[in-house]
Amino acid sequence: MTNPKTTLKEEIRIIPWWAYFLAGVAFLAFQIVLTVAWKRETNPPPVPLQLLLRIIPGILVTFYVLLIGYVNQDAKRRNMNRTLWTLLVIFIPNAIGFILYFLLRQPATIPCPKCGTLMKPSFNFCSNCKHNLHPTCPGCQHAVNPGDKYCPYCSHDLLPAKVNS
């Protein structure tokens, strides 16, 4: 069984609602603070430059907050310590916390096709029902796909013999 690939849309769906809320609040707060700061300025930059200098950093702050929410939920999904990783990505500067997380994160768990128990994709057998997650040929020990009738390497019969009654 291979690890199923996920799409960007599926990955974005795991970002929690509170991260979207905090990102919106951070974006608005950033806009308000800069607007107030420039109103007190005796020689403010031109309006188009003000908009550019407010929008781009605001978007970056929003993206940062959404990434923190993603790491929080992704660590939970991968059975990692989500509090530790969330704090690391917040407090380690220059995005090094994010880089460490994405380099060191565990593979996503997969459900057993027989009983649905979640387990690491590197497991060979389900810890709940002993289902073989990575079947091999009994003749040559090469990996075979579930449902194959014959081994593609040695042509060994993979289906159990039918018993006549």
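These legends describe close-up views of one predicted model. Residues are numbered from 1 along each chain as its sequence is written, and side-chain values use heavy atoms, without hydrogens or water. Because the model is predicted, local features need pLDDT of at least 70 and side-chain atom pairs count only at pLDDT 80 or more, while totals for chains, interfaces and linings use all residues.

**View 1. The largest nonpolar core has eight residues.** They are Ile-68, Val-71, Ala-75, Met-80, Trp-85, Val-89, Phe-98 and Tyr-101. A nonpolar core is a set of buried Ala, Val, Leu, Ile, Met, Phe, Trp, Tyr and Cys residues joined through side-chain atoms within 4.5 Å. Buried means under 20% relative accessible area, exposed over 50%, and partly exposed in between (1.4 Å probe, protein chains only). Helices H3 (47-77), H4 (82-91) and H5 (96-104) each give two or more residues to this core. H3 gives the largest share, three residues. Helices here are DSSP runs of H or I, at least four residues, numbered from the N terminus.

**View 2. Val-89 and its contacts.** Leaving out residues up to four places away in sequence, Val-89 touches Tyr-64, Ile-68, Val-71, Gly-97, Phe-98 and Tyr-101. Contact means heavy atoms within 4.5 Å. A second, separate core has six residues, including Ile-15, Ala-19, Ala-23 and Tyr-70.

**View 3. A nonpolar surface patch of about 450 Å².** Leu-49, Leu-52, Leu-53, Ile-56 and Leu-60 make this patch. Patch residues have over 30% relative accessible area and no salt bridge; nonpolar side chains (Val, Leu, Ile, Met, Phe, Trp, Tyr) are joined within 5 Å, like charges within 9 Å. Areas come from the Shrake-Rupley method with a 1.4 Å probe. Leu-49 lies in helix H3. Its relative accessible area is 37%, so Leu-49 is partly exposed.

**View 4. Arg-77 pairs with Glu-11.** Their side chains form a salt bridge at 3.0 Å, N to O. A salt bridge is a side-chain nitrogen of Lys or Arg within 4 Å of a carboxyl oxygen of Asp or Glu. The pair links distant parts of the chain, with Arg-77 in helix H3 and Glu-11 in helix H1 (residues 8-12), 66 residues apart. Arg-77 is partly exposed at 26%, whereas Glu-11 is buried at 13%.

**View 5. Asp-74 bridges to Arg-77 and to Arg-78.** The closest N and O atoms of Asp-74 and Arg-77 are 2.5 Å apart. These two residues are about one helical turn apart, because three residues separate their places in helix H3. The Arg-78 bridge to Asp-74 is 2.9 Å, N to O. Both Arg-78 and Asp-74 are buried. Through shared partners, salt bridges join Glu-11, Asp-74, Arg-77, Arg-78 and Arg-105 into one network.
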